[in-house]
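I want to go through the domains, then the helix packing, then the surroundings of the ligands.

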Amino acid sequence: MFCWYNINTQIATEILKLGLEVINTIAALKMLLQPRKLAKQKIALVPTMGALHKGHVSLIKIAQQNADIVVCSIFVNPTQFTDPKDLEKYPRPLEHDIEMLQEAGCDYVFMPSVKEMYPVQEHWHIDLGNAEFLLEGEFRKGHYQGVTQIVKKLLDAVEPDMAFFGQKDFQQVLMIRNMAAHFDLSLQIISCPIIREDDGLAMSSRNIHLSPVDRKNALVLSRALQYVKDHFEHDSIADLLKEATRMINVTEGVALDYFTIADPETLLPEDDKNAKHLVALVAAKVGETRLIDNMMLN
Ligand SMILES: Nc1ncnc2c1ncn2[C@@H]1O[C@H](COP(=O)(O)OP(=O)(O)OP(=O)(O)O)[C@@H](O)[C@H]1O
Ligand SMILES: CC(C)(CO)[C@@H](O)C(=O)[O-]
Ligand code: BAL
């Protein structure tokens, strides 16, 4: 059986020739990064679960502009999946990912096994604040404990000066910032803009599961967000929510989990349009695929 974590030697050799180093263990990673750290080079981490697309590449490019060395991790983290079927079918196109990272000029890719990251069973539970239980936290209970658990392990392995995350996973960035505050970590956590397809759909690894009909229907999510942004000046929050949810609910094959206009720090619903910052966030199942998206409104 082809094993995702064991890179075949031929591919590994090709990769080394092209300058991208593929590392599977924390010990090897630390050894490779040590001289870089001694030379005071700035190290950036871009954590991913693979199935890379232009959204991931944009994080790598931003990281390159801010650091000397960019490490991208690819690890499909089992502890953040609340639906075993979602984990099982998560896309794992290894060779394609390696090619994208080479092309992007990434320096190191860290692709550990599950055993490497979780050598023993362990308990993880930290206080992430009330926002942990809202939105994604309500629909994927325990998800952010799993996300922060693996991100802390990756940060411990790489010890980067900065880590880059996409704003597409808006709540995730907030949770990771809260985890970093919990452990008093001093690294910079940088949130990067959402990269979209030409028609507005937010890029996501799970888009690969969309059938052609789903793909068309999925557009209603970014359209509803854009509607809210475009009408924000003149309409009340209640009217904006009403129209956005209507747009989604009339789209066949799309089942809405939530559409909210919220405070970006607390994620609590906000009905005061004069609030300094507001974000609209949406999650829905499109066919069998659950997608999320968001847009800052002011
Ligand atoms: N369209 C995008 N624009 C910017 N950043 C993105 C985009 N999609 C994902 N990212 C970021 O890339 C990082 C790795 O995400 P991940 O590997 O889970 O990909 P994904 O596309 O979010 O996949 P999925 O949502 O299906 O899990 C995260 O910080 C995520 O926010
Ligand atoms: C941050 C992350 C890599 C942790 O597994 C994941 O949640 C993701 O890809 O967004
Ligand atoms: N991109 C967020 C990771 C997840 O959905 O599990």
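Predicted model: local features only at pLDDT ≥ 70, side-chain atom pairs only at ≥ 80, totals over all residues.

Next I looked up who touches whom across the boundary. I found 10 residues of domain 1 in contact with 12 residues of domain 2. On the domain 1 side, helix H7 (136-139) and H9 each supply at least two of the touching residues. I sorted that side by class and got 7 nonpolar, 1 polar and 2 charged residues.

**Entry 2, H8 against H9.** Then I went for a helix pair that includes H9. Two packed helices are described by the angle between their axes and the distance between the axes, so I looked up both. Helix H8 covers residues 143-158 and helix H9 covers residues 170-182; they pack at an angle of about 60 degrees, with axes 10 Å apart. Oblique is therefore the label I wrote down for H8 and H9. The crossing, where H8 passes H9, is right-handed.

I listed the residues that make this contact. H8 brings Tyr144, Val147, Thr148, Val151 and Lys152, while H9 brings Gln172, Met175, Ile176 and Met179. By class, I noted 6 nonpolar, 2 polar and 1 charged residues for the contact of H8 with H9.

I repeated the exercise on another pair. Helix H10 (residues 212-230) and helix H11 (residues 237-249) pack at an angle of about 165 degrees, and their axes are 9 Å apart. That angle is over 145 degrees, so H10 is roughly antiparallel to H11. I logged the crossing of H10 and H11 as right-handed.

For the contact itself, I wrote down Val220, Arg223, Ala224, Tyr227 and Val228 from H10, and Leu240, Glu243, Ala244, Met247 and Ile248 from H11. The classes here come out as 8 nonpolar, no polar and 2 charged.

On to the ligands. How many residues surround ligand 1? I got 18, and the closest are Gly55, Gly166, Met203, Ser205 and Arg206. Helix H3 (54-66) and strand E5 (162-166) each give at least two residues to this shell. H3 has the largest share, with 4 residues.

Which residues surround ligand 2? My list reads Pro47, Thr48, Met49, Asn77, Gln80, Val147, Ile150, Val151, Asp169 and Gln172. Strand E2 (43-48) and H8 are the elements that give two or more residues to this shell. H8 makes the largest contribution, at 3 residues. By class, the shell around ligand 2 has 5 nonpolar, 4 polar and 1 charged.

Methods
Residues numbered from 1 in each chain as written. Chains lettered and ligands numbered in written order. Near = placed C-beta within 6 Å. Axes fitted to C-alpha atoms, helices over the stretch in contact; angles between N-to-C directions. Parallel < 35°, antiparallel > 145°, perpendicular 65-115°, else oblique. Left-handed = near helix turned anticlockwise from the far one by under 90°. Contact = placed C-beta atoms within 7 Å. Nonpolar A, V, L, I, M, F, W, Y, C, P; charged D, E, K, R; others polar.
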